[in-house]
Amino acid sequence: METKPKSEHLLELKVMRLTRPTLASPVVITCDSTDLPGNTLNNELKNDCTALQGMETLAVGQFMVLPQSFGNIYLGEIFSSYLCVHNGSNQIAKNVTVKADLQTSTQNISLCGNSGEMKDLAPDSTVDEVIHHEVKEIGTHILVCEVTYTPGNLSSTAQSFRKYFKFQVVKPLDVKTKFYNAESDEVYLEAQIQNLTAGPICLEKVSLESSHLFSVSTLNTNEKGESIYGLVNILDTDCSRQYLYCLKPQLSLLKDPKMMHNATNIGKLDIVWRSNLGERGRLQTSQLQRMAPEFGDIRVTMKNIPLTVYLEQSVNFNCHIINTSERSMDLMLSLESSNSIAWCGISNTIIGTLKPGVSIDIPLCLIPLRSGIITISGLKLTDTFLKRVYDYDDLAQIFVSQID
């Protein structure tokens with residue numbers, strides 16, 4: 001929105017946004033002359049500026065369309081504007097300065113100003129400024145342009161005027177994330193990126209900058225290290241891409257269950273894209289937070305389970321027990337068989353005292369009684385001091401195949 005100066009001035013200010021043209025594809029709508037519309041549609045095609053004369057019913061390609069309006073400005077893009085101060089009078093204007101500020105809801109950013117340099121502007125002359133700014137906030141922005149000068153007549157009073165341009169900055173991408181906490185303490189991040197712009201974009205870079213607590217590896221490449229979406233990752237309007245990352249905790253976290261529970265900062269997604277004519281944009285998310293897993297007083301996981309398990313053959317593995325409470329516990333291990341598995345060993349075994357944060361590995365053995373996917377269950381831990389029983393009926397799932 002532009003406001004005119006209250007009084008006449010020697011100088012005029014024009015502000016234009018610098019942006020690339022867009023690509024438009026001709027839309028061919030035609031029919032046979034014997035149909036109800038007759039030749040109406042064909043005549044309209046002949047008058048279309050994008051139609052090729054003599055071959056109106058063929059879409060020969062895309063055309064460049066010059067910007068007809070201010071257009072959309074997306075977060076992460078470079079906002080460029082051209083400022084022109086013109087002296088349309090027959091007098092000289094002295095000490096001409098041009099300033100441009102960008103006001104957002106949180107800050108006031110100075111974009112240009114000829115560094116205090118004052119210029120004299122003769123009649124029918126101009127002062128030009130080109131400003132660039134990477135847009136980093138969503139919402140209403142106001143471009144404030146101020147021109148100050150001194151008329152060249154006997155009056156030496158400096159004069160100034162301002163113009164205001166209001167525009168909105170919108171989101172170019174919609175980023176949705178999901179977290180999966182694995183039993184092995186790894187964290188899997190699924191990121192879905194949707195194109196909200198008016199045209200197709202090319203995703204040049206999508207990476208996860210992990211926090212110092214984790215090391216990250218991408219799961220979006222094939223065995224050759226190439227992106228699963230190809231060298232040119234084109235994303236049409238309203239289309240989405242899914243990306244998957246695996247984060248492994250640092251060794252210091254694994255040694256301290258309390259630190260592992262409090263490690264909720266995962267990192268930031270860094271996304272770089274280009275429009276169909278090469279305009280670059282960048283978006284970095286805020287710090288991603290995961291929900292910390294709740295293990296209760298005791299955390300129990302299965303370790304070293306073999307990949308190949310056969311029916312009615314013994315399976316040896318380790319039971320990893322961690323005291324995640326803030327008190328010492330005197331534990332006893334109990335095993336209860338079911339129609340799917342039969343435990344091998346002595347039940348009601350005394351483990352002993354387990355201090356807070358301390359872990360222990362207990363070797364176990366079972367025999368699967370049926371094929372298919374079965375659940376390891378029937379394990380109980382009893383705190384003999386408080387007489388509290390902890391049941392674990394879904395420790396892990398294994399696939400049991402029949403013997404050839």
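Buried means under 20% relative accessible area, exposed means over 50%, and partly exposed lies in between, with a 1.4 Å probe and protein chains only. Keep that in mind. This is a predicted model, where local features need pLDDT of at least 70, side-chain atom pairs count only at pLDDT 80 or more, and totals for chains, interfaces and linings use all residues. Residues are numbered from 1 along each chain as its sequence is written, and side-chain values use heavy atoms, with hydrogens and water left out.

Let's start with strands. Helices (H or I, at least four residues) and strands (E, at least two) are DSSP runs, numbered from the N terminus. Two strands pair if DSSP finds at least two bridges between them. Strands of a sheet pair through backbone hydrogen bonds, either parallel or antiparallel.

Take strand β6, residues 93-103. β6 pairs with strand β10, residues 139-151, in the antiparallel sense over nine bridges. Look at A93: its bridge partner in β10 is P151. β6 also pairs with strand β8, residues 119-121, again antiparallel, over two bridges. There, V96 has K119 as its bridge partner.

Next, β12 and β13. How many bridges join β12 to β13? Nine, and the two strands run antiparallel. Y180 finds its bridge partner, Y188, in β13. The hairpin of β12 and β13 has five residues between the strands. In that hairpin, D185 takes a positive phi near 75 degrees.

β13 has another antiparallel partner to show you. Eight bridges join β13 to strand β17, residues 240-249.

Now an open sheet. Three strands make it up, in the order β22-β31-β28, with mixed pairing. Which strands are the edge strands? They are β22 (309-310) and β28 (372-376), and each pairs on one side only. β22 pairs with strand β31, residues 396-401, in the parallel sense over two bridges. Y310 has S401 as its bridge partner in β31.

On to salt bridges. A salt bridge is a side-chain nitrogen of Lys or Arg within 4 Å of a carboxyl oxygen of Asp or Glu. By this rule, the count is eleven salt bridges.

Pair one is E204 with R274, and the closest N and O atoms are 2.7 Å apart. E204 sits in strand β14 (residues 201-210) and R274 in strand β18 (residues 265-275), so this pair links distant parts of the chain, 70 residues apart. E204 counts as partly exposed because its relative accessibility is 47%. R274 is partly exposed too, at 28%.

Pair two is D383 and R327, which meet at 2.7 Å, N to O. This pair also links distant parts of the chain, 56 residues apart. D383 is in strand β29 (residues 379-383), while R327 is in the loop between β23 (315-323) and β24 (329-335). Is D383 buried or exposed? D383 counts as buried, because its relative accessibility is 0%. R327 has a relative accessible area of 26%, so R327 is partly exposed.

K380 is partly exposed because its relative accessibility is 31%. E336 is partly exposed as well, with a relative accessible area of 47%. Salt bridges that share partners also join D297, R327, D383 and R388 into one network.

Last topic: surface patches. Patches are made of residues with over 30% relative accessible area and no salt bridge; like charges are joined within 9 Å, and nonpolar side chains (Val, Leu, Ile, Met, Phe, Trp, Tyr) within 5 Å. Accessible areas come from the Shrake-Rupley method with a 1.4 Å probe, and for residues only the protein chains shown count as cover.

L231, V232 and I234 form a nonpolar patch on the surface, with about 360 Å² of accessible area together. Where does V232 lie? V232 is in the loop between β15 (214-218) and β16 (234-235). V232 counts as exposed because its relative accessibility is 56%.

There is a negative patch too, formed by E183, D391, D393 and D394. Lys and Arg count as positive and Asp and Glu as negative, with His and the chain ends not counted. The place of a charge is taken as NZ of Lys, CZ of Arg, CG of Asp or CD of Glu. E183 lies in the loop between β12 (173-181) and β13 (187-195). With 54% relative accessibility, E183 counts as exposed.
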